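This briefing is meant to be read beside the sequence and the model.

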Amino acid sequence: IEEEWCTLMFFCEVGAGANRNRDYEKLAIFGSVRGRRGAELKVLSAVETKVPGHLERFRDNVITRDKGRDDSGTWGTDTMTFQDD
């Protein structure tokens with residue numbers, strides 16, 4: 001994913017100790033707005049494949065997060081919902 005989107009990504013552990021008993025891990029993504037969004041969506045797609053319905057809990061926040069933050073002010077993310085066969 002990093003090579004595909006020209007980004008650098010790290011899992012972040014905040015606080016003392018390596019407490020792995022959480023339902024989630026924070027992922028820091030560094031790069032351009034386009035690269036960060038592409039990498040984020042690719043990771044979210046992989047998570048959604050393994051845990052169907054996971055994204056629905058915070059979808060609106062993710063989709064609108066970087067709206068208008070590129071140099072032209074026109075950046076945005078379009079989505080499409082697919083139905084299972």
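The notes below take up these topics in turn.

This is a predicted model, in which local features need pLDDT of at least 70 and side-chain atom pairs count only at pLDDT 80 or more, while totals for chains, interfaces and linings use all residues. Residues are numbered from 1 along each chain as its sequence is written, and side-chain values use heavy atoms, with hydrogens and water left out.

**Salt bridges**

- Side chains of opposite charge can pair when their charged atoms come close.
- The count comes to three salt bridges, where a salt bridge is a side-chain nitrogen of Lys or Arg within 4 Å of a carboxyl oxygen of Asp or Glu.
- E4 and K42 meet through their side chains in a salt bridge, at 2.9 Å from N to O. Because E4 belongs to helix 1 (residues 2-5) and K42 to helix 2 (residues 33-50), this pair ties together parts that are 38 residues apart in sequence; helices here are DSSP runs of H or I with at least four residues, strands are runs of E with at least two, and both are numbered from the N terminus.
- E4 is partly exposed, with a relative accessible area of 47%, and K42 also counts as partly exposed, at 38%; buried means under 20% relative accessible area, exposed over 50%, and partly exposed in between, for a 1.4 Å probe and protein chains only.
- R37 and E40 form a salt bridge at 3.4 Å from N to O, and, being three residues apart in helix 2, they are separated by about one helical turn. R37 counts as buried at 2% relative accessibility, and E40 counts as buried at 14%.
- E56 pairs with R59 in a salt bridge whose closest N and O atoms are 3.9 Å apart; E56 is exposed at 54%, whereas R59 is partly exposed at 23%.

**Cysteines**

- A search of the whole structure finds zero disulfides, a disulfide being a pair of cysteine sulfur atoms within 2.5 Å.
- C6 is exposed, with a relative accessible area of 63%, whereas C12 is partly exposed, at 27%.

**Surface patch**

- L8, F10 and F30 form a nonpolar patch on the surface, with about 310 Å² of accessible area together. Patches are made of residues with over 30% relative accessible area and no salt bridge, like charges being joined within 9 Å and nonpolar side chains (Val, Leu, Ile, Met, Phe, Trp, Tyr) within 5 Å; accessible areas come from the Shrake-Rupley method with a 1.4 Å probe, and for residues only the protein chains shown count as cover.
- F30 lies in strand 2 (residues 26-30) and is partly exposed, with a relative accessible area of 47%.
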